Amino acid sequence: MTTAIVLFFVLGYMCIALESFLKINKAVPALLMCVVCWTLYACGGALPDVDVPERLLHHLGDTCEILFFLMGAMTIVEIVDANGGFYFVKDALATTSKRKLLWRITFMTFVLSAILDNLTTSIVMVMVLRKLIDDPKVRMIYGGIIVIAANAGGAFSPIGDVTTIMLWIKGMISTGGVIGQLIVPSIISVVVSALCVQFYLKGDLKMPETPDEAPGTANNSNRMIILCTGVGGLVFVPIFRMLTGLPPFMGILLALGVLWTVSEFTINRNPLKMDNSNLKVTALLSRIDMATILFFLGILLAVATLQETGVLTAFGQWLNEASNGNHYLVTGVIGVVSSIVDNVPLVAGCMEMYPIAAMGDFAQDGLFWQLLAYCAGVGGSMLIIGSAAGVVVMGLEKISFGWYLRRFTWIAFAGYIAGIATYAVEHMLFL
């Protein structure tokens with residue numbers, strides 16, 4: 001029965017990786033894989049003394065911590081975006097020089113991804129990019145660097161990527177540890193990639209003639225209030241966890257509650273009595289990407305069946321023996337694989353394969369967990385389907401798999417290796 005569970009997991013994994021070719025949302029195979037794997041486990045894969053429903057509820061509780069955090073963060077970003085808070089981002093980036101715009105977009109994406117997350121940052125930056133560039137072919141090049149910068153920015157922040165959120169929630173990394181050790185490798189990675197992208201960009205841009213204002217959005221003062229409250233709430237989440245010891249999803253719900261209150265207040269005190277019903281949070285909730293939430297639910301619970309059957313533990317032991325305990329090799333391979341398949345199940349699997357220890361490389365903020373956070377995040381940039389940011393930009397800007405493979409895979413790989421080398425030097429100096 002264990003063999004059947006692994007086969008269905010691999011089949012589901014392949015369907016997720018081939019989402020763009022099959023034209024089926026990756027949430028579909030993830031949910032089916034989850035149910036089939038748990039059904040097989042309940043019907044013969046579990047030991048007689050194992051209470052399968054109780055184990056399922058245990059894993060569901062762990063998974064829901066991540067899901068509620070993501071839903072809260074996505075709602076906050078939707079509120080800020082609907083109120084026009086990101087118009088300030090567009091104004092800050094405006095320039096006619098292609099290379100100047102490259103560095104501004106790279107820097108802005110890198111910073112925003114660390115504060116928000118790489119998925120929502122990619123959406124925001126593509127929307128801003130459309131206000132700055134008319135030519136779709138030129139936008140595709142900037143879309144490529146947005147993917148790389150978003151993943152690099154998310155790798156050093158505890159709230160910047162789903163994988164770092166997972167590692168942070170489970171205590172494998174701390175806020176100070178991951179920022180202090182990974183910010184320099186992440187910066188080096190994105191700078192090396194941006195230097196390579198410069199070869200594709202020459203000359204100036206013609207700025208599109210589009211109105212700055214969107215009907216039904218908030219005025220400038222309200223925009224700034226919403227933007228500061230939303231971003232401030234997200235930044236406060238790690239502080240809330242340190243002060244209270246409560247899980248991060250409680251902090252994000254606090255931030256959402258405060259922003260929701262501020263949003264209602266700004267709508268109600270509208271002096272012009274305009275119809276701002278589209279700005280109400282109850283209306284914005286319908287814009288949350290529930291397909292992504294369901295994908296994470298399915299894939300994380302499917303990975304849990306591999307843990308329950310002991311497959312992950314056995315694979316972890318084999319991988320460790322094959323690499324002779326070289327953590328740089330193990331995590332480096334995981335990073336490359338994460339560009340082919342989604343990094344969420346990879347990290348979830350590693351968390352189960354290598355339990356956290358009191359000391360050494362597997363302790364909190366140990367070498368293995370920090371390398372895993374970096375490699376799984378940045379490595380996903382090597383292929384357009386390797387990360388949530390890549391899939392989003394691929395869909396929004398119609399970037400093909402082959403175009404990205406020819407133009408950006410080598411660029412992302414160069415930055416990836418540069419970041420690992422930087423971390424190795426940094427680690428030796430620290431020791």
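**Entry 1: around α9**

I started at the end of α9, where the helix is followed by Gly171 with a positive phi near 85°. I take helices as DSSP runs (H or I, at least four residues; strands would be E, at least two), numbered from the N terminus. This is a predicted model, in which local features need pLDDT of at least 70, side-chain atom pairs count only at pLDDT 80 or more, and totals for chains, interfaces and linings use all residues. Residues are numbered from 1 along each chain as its sequence is written, and side-chain values use heavy atoms, with hydrogens and water left out.

How many of the residues of α9 are buried? I got eight of its eight, so the helix is mostly covered. My cut-offs are under 20% relative accessible area for buried, over 50% for exposed, and partly exposed in between (1.4 Å probe, protein chains only). The buried residues of α9 include Trp168, Met166 and Leu167.

**Entry 2: salt bridges**

I counted a salt bridge whenever a side-chain nitrogen of Lys or Arg sits within 4 Å of a carboxyl oxygen of Asp or Glu. Six salt bridges come out by this rule. The background is simple: side chains of opposite charge can pair when their charged atoms come close.

Which residue does Lys170 pair with? It is Asp62, with 3.3 Å between the closest N and O atoms. The two belong to distant parts of the chain, 108 residues apart: Lys170 is in the loop between α9 (162-169) and α10 (175-197), and Asp62 is in helix α4 (residues 52-82). I find Lys170 partly exposed at 35% relative accessible area, and Asp62 is partly exposed at 24%.

Next I looked at Glu78 and Arg287, whose side chains meet in a salt bridge at 3.2 Å, N to O. This pair also links distant parts of the chain, with Glu78 in helix α4 and Arg287 in the loop between α13 (281-284) and α14 (290-309), 209 residues apart. Is Glu78 buried or exposed? Its relative accessible area is 19%, so Glu78 counts as buried, while Arg287 is partly exposed at 42%.

Then I checked Glu397, which forms a salt bridge with Arg130, the closest N and O atoms being 3.1 Å apart. Glu397 is in helix α19 (residues 388-397) and Arg130 in helix α7 (residues 118-132), so I have another link between distant parts of the chain, 267 residues apart. Glu397 is buried at 6% relative accessibility, whereas Arg130 is partly exposed at 32%. Arg139 joins in as well: Arg130, Arg139 and Glu397 are linked in a network of salt bridges.

**Entry 3: helix α4 and what comes after**

I checked the length of α4. Its 31 residues should span 45 Å at 1.5 Å a residue, and the end C-alpha atoms are 44 Å apart, which agrees. The expected span is 1.5 Å times one less than the number of residues.

Where does α4 bend? I put the bend at Thr63, by about 25°, taking it as the angle between axes fitted to the seven residues ending there and the seven starting there.

Just after α4, Gly84 has a positive phi of about 80°. Asn83 lies in the loop between α4 and α5 (87-93) and is buried at 1% relative accessibility. The side chain of Asn83 reaches the backbone oxygen of Ile79 at 2.7 Å.

Most residues other than glycine have a negative phi, and most peptide bonds are trans. I noted Lys23, with a positive phi near 60°. Lys23 is in the loop between α2 and α3 and is exposed at 71% relative accessibility.

Asp365 is not a glycine either, yet has a positive phi of about 65°. I found Asp365 in the loop between α17 (343-353) and α18 (367-378), partly exposed at 22% relative accessibility.

**Entry 4: a nonpolar patch**

My last stop was a nonpolar surface patch of about 710 Å², with Phe21, Met14 and Val28 among its residues. Which elements give two or more residues to the nonpolar patch? They are α1 (2-17), α2 (19-22) and α3 (27-45). Patch residues have over 30% relative accessible area and no salt bridge; like charges are joined within 9 Å, and nonpolar side chains (Val, Leu, Ile, Met, Phe, Trp, Tyr) within 5 Å. Val10, in helix α1, is partly exposed at 40% relative accessibility.

Terms used: Areas by Shrake-Rupley, 256 points an atom, 1.4 Å probe, with all protein chains shown as cover. Polar contact = N/O pair within 3.5 Å; in protein donor to acceptor, adjacent residues only side chain to side chain.
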